[in-house]
Amino acid sequence: MTLLCAVLALASCSQDKTISNGYPIGQVPFTDVKVDTDSFWGQRLQASREVTIPLAFSKCEETERYTNFERAAHPSDTNRPTAFPFDDTDVYKTIEGASYLLQTYPDPEMEAYIDSVLVIVAAAQEPDGYLYTARTQNPAHPHPWSGMERWSEVEGGSHEFYNLGHMLEGAVAHYLATGKRNFLDIAIRYADCVCREIGDKEGQQCLVPGHQIAEMGLAKLYLVTGDRKYLDQAKFFLDYRGKTSRRDPYSQSHLPVTEQDEAVGHSVRAEYMYSGMADVAALTGDQSYIDAIDRIWENMTGKKTYITGGVGSSHHNEGFLGNYELPNNSAYCETCASIGNVYTNYRMFLLHGDSKYYDVLERSLYNALLSGISLDGGAFFYPNPLESDGSHQRQPWFGCACCPSNICRFIPSVPGYIYAAEGKDLYVNLYASNTMTHKLEGREVSLKQTTAYPWSGNVQIDILKNKAGVFTLKLRIPGWLRGEVIPGDLYTFADMVDTRYHVLVNGEEVASELENGYFSIERKWKEGDVISLEMDMEARFIRADENVEADRGRLCVQRGPLVYCAEFADNEGDVREACLSIDDDLEVEIRPDLLYGINVIKDGDLTLIPYYAWNHRGKGEMEVWFKEIE
């Protein structure tokens, strides 16, 4: 995830032997990137700081998330856990998001609040490290999903390992942001408990997570501590999946992970598993893991991904249906799954260095994922459909609050996805106004990126400092600009618009052959050098593969990375009956007064807005795919 390189740097300092994160490409961590406050992403970070994270903490108080820990510190036959055995993770995830923000916005009051929460969490931990309030607060009457004994339902609904995974993710983020061990030590003790009791050795129980994420967290804990047992435990969880008593597609346990070739089952579980496989593959060199996730990625991207970058079609299993089964009104596209899609594609890029993974990542980031949170940061979608009759509304919280707390931890991490580095190659993967300072092979490079992206395709990069001498700047040329909607043939541009780009250095155009979607410029950069990337950003019509029955005979509209939709507030009549033709003229109109500042697209009497911005003006119809007329 976004902390991998920060973890690696810390591990290198704290251990006698440098621990490699294994990935061929390294991340420029979020701590090295400062996003401009008046930019597209700056506004979202500010909303996270001022609204989302305070709201999440208040909901943890209001909905008795903290009370669970207080009760666990004083077990009683009268204690009753809250609705779900994974409610503890809302606390861990909110601390994680707040920890990211502490790097950008130091806040002693927030830090002190987190410390006060961790006192409550620590008091709930049992002497041997076990920390699971759904059982501990009333061992004689645990949560109905938990089973009467430890781990007895961990492959089902208990979520004991799921809780561990989110605890580890939050604890590592908190440790790196503050340098304090109070959360990390709690997490290490629970991880040690799991490592002692779960495995294939004599006296251990051979079990795997019912809901994956522990694999990712254990890999991070290995990088922080250098203790190999945590990596071994992550690999054990993956190696034994499909070999224990739990064997079904819903939990991706129908086959051993290295034999899988299709995205199936619960989409969040799936994406977390694929991300964990990538982490373990990078750290162990297990090529069979990489081969498997390559196959799965091809299936998921080529046959099971929505135009918005969302994944998971079905409410029934909160996950995948068959190939090309992508209904719009009933699309699930859980916000957590979109976050997972970013995690998976990010890791695929680190493994392979191909921009196509960032094309998918960007599509999910700007559309399906951002739709999951309101512009002010205070309301959330669980599913993100591509069509609505007006029955869909964002909510300030949910009883099952995995999506609000997950997006709470994700948005502050976005700066860590903008750049990457490999030796003396510096990748610019996302375009956002920011200042970045990072060391290439131990020598500092600083640059400033200025852009109105995603509204404009013009990007300026100023070299502020360069002590690295000659290095290669690798600019990602997005697939949407190169005529590729998404890797594969699932979606194609329906029009014949010719989009181009130009790269200039100090005002003079330069040329380069694209390699894996990157425009590379190698030179000895000096302070004051200016790189300009000018990308045509035209509104385009898109068709889906004929196998996608729900979209057959329909068009949708995209401009840059943004998918557009029509909703009731801008249009007369039911927008679900609106029609488009590829011969229509699409006009772009800048509207700084609307929805925090957007560009709208007009097609005659039809007005389109970015998909992520829908449902801010009351209940009404919304449509992404429109009937095509000749």
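Which residues line the largest cavity?

## Basis of the model

This is a predicted model, in which local features need pLDDT of at least 70 and side-chain atom pairs count only at pLDDT 80 or more, while totals for chains, interfaces and linings use all residues. Residues are numbered from 1 along each chain as its sequence is written, and side-chain values use heavy atoms, with hydrogens and water left out.

## Cavities and a pocket

The largest cavity is lined by R44, A47, S48, T52, L370, I373, S374, L375, G377, I411 and Y612. On a 1 Å grid over the protein atoms alone, a cavity is a set of points where a 1.4 Å probe fits but cannot get out, a pocket is an open set with protein on both sides within 12 Å along at least five of seven lines, and lining residues have an atom within 4 Å of a point. The structure holds 5 cavities of 30 Å³ or more, and the largest cavity takes up about 100 Å³, a volume being the space filled by probe spheres set on grid points that are joined across faces, edges and corners. The lining of the largest cavity comprises 6 nonpolar, 4 polar and 1 charged residues, where Ala, Val, Leu, Ile, Met, Phe, Trp, Tyr, Cys and Pro count as nonpolar, Asp, Glu, Lys and Arg as charged, and the others, Gly among them, as polar.

The second largest pocket holds about 250 Å³ of space; 16 residues line this pocket, and the closest to its centre are D38, S39, F40, W455 and G597. Helix 2 (40-62) and strand 20 (598-603) are the elements that give two or more residues to this lining, and helix 2 has the largest share, 3 residues. By class, the lining of the second largest pocket has 8 nonpolar, 6 polar and 2 charged residues.

## Strands and their pairing

Helices (H or I, at least four residues) and strands (E, at least two) are DSSP runs numbered from the N terminus, and two strands pair if DSSP finds at least two bridges between them. An open sheet of 5 strands has the order 1-4-5-9-13 with mixed pairing, and its edge strands, strand 1 (26-27) and strand 13 (518-524), each pair on one side only. Within this order, strand 4 (residues 419-422) and strand 5 (residues 425-428) run antiparallel and are joined by 4 bridges, with Y419 having V428 as its bridge partner in strand 5.

Strand 6 (residues 434-440) is joined to strand 2 (residues 33-35) by 3 bridges in an antiparallel arrangement, in which V33 has M436 as its partner. Strand 6 is also joined by 7 bridges to strand 7 (residues 443-451), again antiparallel, and N434 has Q449 as its partner in strand 7. These two strands form a hairpin with 2 residues between them, and E441 in the turn has a positive phi of about 50°. The covered face of strand 6 has N434, M436, H438 and L440, whereas T435, T437 and K439 are on the uncovered one.

## Helix 7

Helix 7 (residues 160-178) has 19 residues and reaches 27 Å from its first C-alpha to its last, close to the 27 Å expected, the expected span being 1.5 Å times one less than the number of residues. Just after helix 7, G179 takes a positive phi of about 80°.

## Cysteines

The structure holds 0 disulfides, a disulfide being a pair of cysteine sulfur atoms within 2.5 Å. The sulfur of C402 is 4.0 Å from the closest cysteine sulfur, in C336, which is too far for a bond.

Note on methods
Buried < 20%, exposed > 50% of the residue type's maximum accessible area, 1.4 Å probe, protein only.
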